[in-house]
Amino acid sequence: MMTSAFDRRARMAAHPELLRGIRRGIEKEGLRVDTQGNLARTPHPGALGAALANPHITTDYSEALLELVTSPDASAAALVRELTDIHRFVALRNPGETLWNQSMPAHLPAEADIPVAWYGTSNTGMLKHVYRLGLAWRYGKVMQCIAGVHYNFSLPETAWNFLAADDTAQERRNTGYMGLIRNFMRHAWLLMYLFGAAPAVSRSFLQHAGLESQLTRLSPDTYGLPWATSLRMSDLGYKSPIQSELQLCYNDLDTFTARIHTAVTTPWPAYEAIGTHRDGQRIQLNTNILQIENEYYATIRPKQTARRCERPNTILHQRGIQYIEVRCMDIDPWEPAGIAADTCRFLDAFLLFCALEDSPMFPAPGTCQESQGNFGRVAREGRKPGLQLMRDGQAIGLQDWAQDILRRIAPYAELLDAHSGDPLHGAALRLQQAKAQDPALTPSARLLAALRDSGQEFHDWTLAQSQAHWAALQAQRLPPDTLAAYDQAARDSLAEQAALEAGDTESFEDYVARFHAALV
């Protein structure tokens, strides 16, 4: 069995079909806003179909927080084209509103007026709605309006034969993906430095969230931190002090799922005080540390596709890891679809590096405090001159370490250029190498410079960017067959939701009990 990263790269090069078999997908969130950049309080647009059942257009926390979902794709360019087409469809079918193209929110109404996503009256839809009601009670509605880009990545099943030595194909796949996740955790701070694009926020968000005193006032309505890369991914963003105590382990899947199981079955006093019902209506799924597995807000997740009433933890344990989901990417405000193809190419090289490089176990009890500390530090002050991080207990300069990681990624970019059918990964890597040498080229620095140079507030600059993107998307008409396909998917999703609602005979309380019982 091959053991070194060099040998694993050589074996992959000898089987180029494995590199061509990589699949990636995107889930991109964005708030619907009105012409003034205020959160839309309109229902999910009917022309976009049913958020419960449309495979490409759904919602996340708020009724106004759209989530646009691509199919798994074989190339970065095709992936971004599809994501852009979905944006065009939304722009054409919902022309009176704009999608806010920034991770930190638009101007928000009073918390009571932020609408929680509604998925209809089927048991499946009500489960999704009540889960989000529980999030509102636990964390408040304001934090749920922060948006991001999730990047899904998978290697073909046969690739793991070269990367892990376990007995069965599922064990090899699990071992390989967990190794990828450990390396991701070690190096994810680099993604914050290179792609963090949320160093500022409107004052109204801070007032809602009670965080005004924790940031620097940059202009009358704009606050931030001078060296921040991503307020969204910092401790000022969507974080839970309870979750930080979970001590999750990425050394092996069994330990990981066991600790998630504990979190979703262990009551928490503060949530017990809230209760599960108010005025005869259910307001959270349970009073445990996590209502469901998805409540754990990680920068990366092992994933398996779930069917109706299946529990993510159970199917991970039973069927193994199918793909990984990278959750720390900010929306790129300069890109109409929120992410560039070159960013996707770099992510592919980065994730292949994480999969093929040696990935030592984290020290007992399998946590990664050093990596999490580096990530938080870079989110808050990643462009600070002379910033030091910790690598294996030793201090190292951020730029020195960044250059070292990018040098080690280069062979993976070359591998993809030679065998994936897309020769632009090396060029994407060189763009990131330039940022490592000059922090002024990073998105966070560019955004702050744009605010200074234009004299605009964060809200006004973002609204202008978003509206310009939206106008361009509306002007770029979809091919008739593509438009017809999205319209048909919208109609099909409405019919599917109606069928679910008509077919449910089980009470919602019984359905919730059956859902909880599916956790093993």
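Which helix supplies the largest share of the lining of the second largest pocket? The largest share, four residues, comes from α12. The model is a predicted one, in which local features need pLDDT of at least 70 and side-chain atom pairs count only at pLDDT 80 or more, while totals for chains, interfaces and linings use all residues. Residues are numbered from 1 along each chain as its sequence is written, and side-chain values use heavy atoms, with hydrogens and water left out.

The second largest pocket holds about 410 Å³ of space. A pocket is an open set of points on a 1 Å grid over the protein atoms alone, with protein on both sides within 12 Å along at least five of seven lines; a cavity is a set of points where a 1.4 Å probe fits but cannot get out, and lining residues have an atom within 4 Å of a point. Volumes are the space filled by probe spheres set on the points, which are joined across faces, edges and corners. This pocket is lined by 20 residues, and Arg186, Phe362, Glu370, Ser371 and Asp392 lie nearest its centre. At least two lining residues each come from α5 (169-187), α12 (369-381), β13 (388-391) and α13 (398-419). Helices (H or I, at least four residues) and strands (E, at least two) are DSSP runs, numbered from the N terminus. The pocket lining has seven nonpolar, six polar and seven charged residues.

Two cavities of 30 Å³ or more are found in the whole structure. Among the residues that line it are Arg20, Arg24, Asp348 and Asp422. The second largest cavity contains about 30 Å³; its lining has eight nonpolar, one polar and no charged residues, including Met104, Phe205 and Leu231. In these counts Ala, Val, Leu, Ile, Met, Phe, Trp, Tyr, Cys and Pro are nonpolar, Asp, Glu, Lys and Arg are charged, and the others, Gly among them, are polar.

Beyond four places away in sequence, the contacts of Leu155 (heavy atoms within 4.5 Å) include Met12, Trp160 and Leu352.
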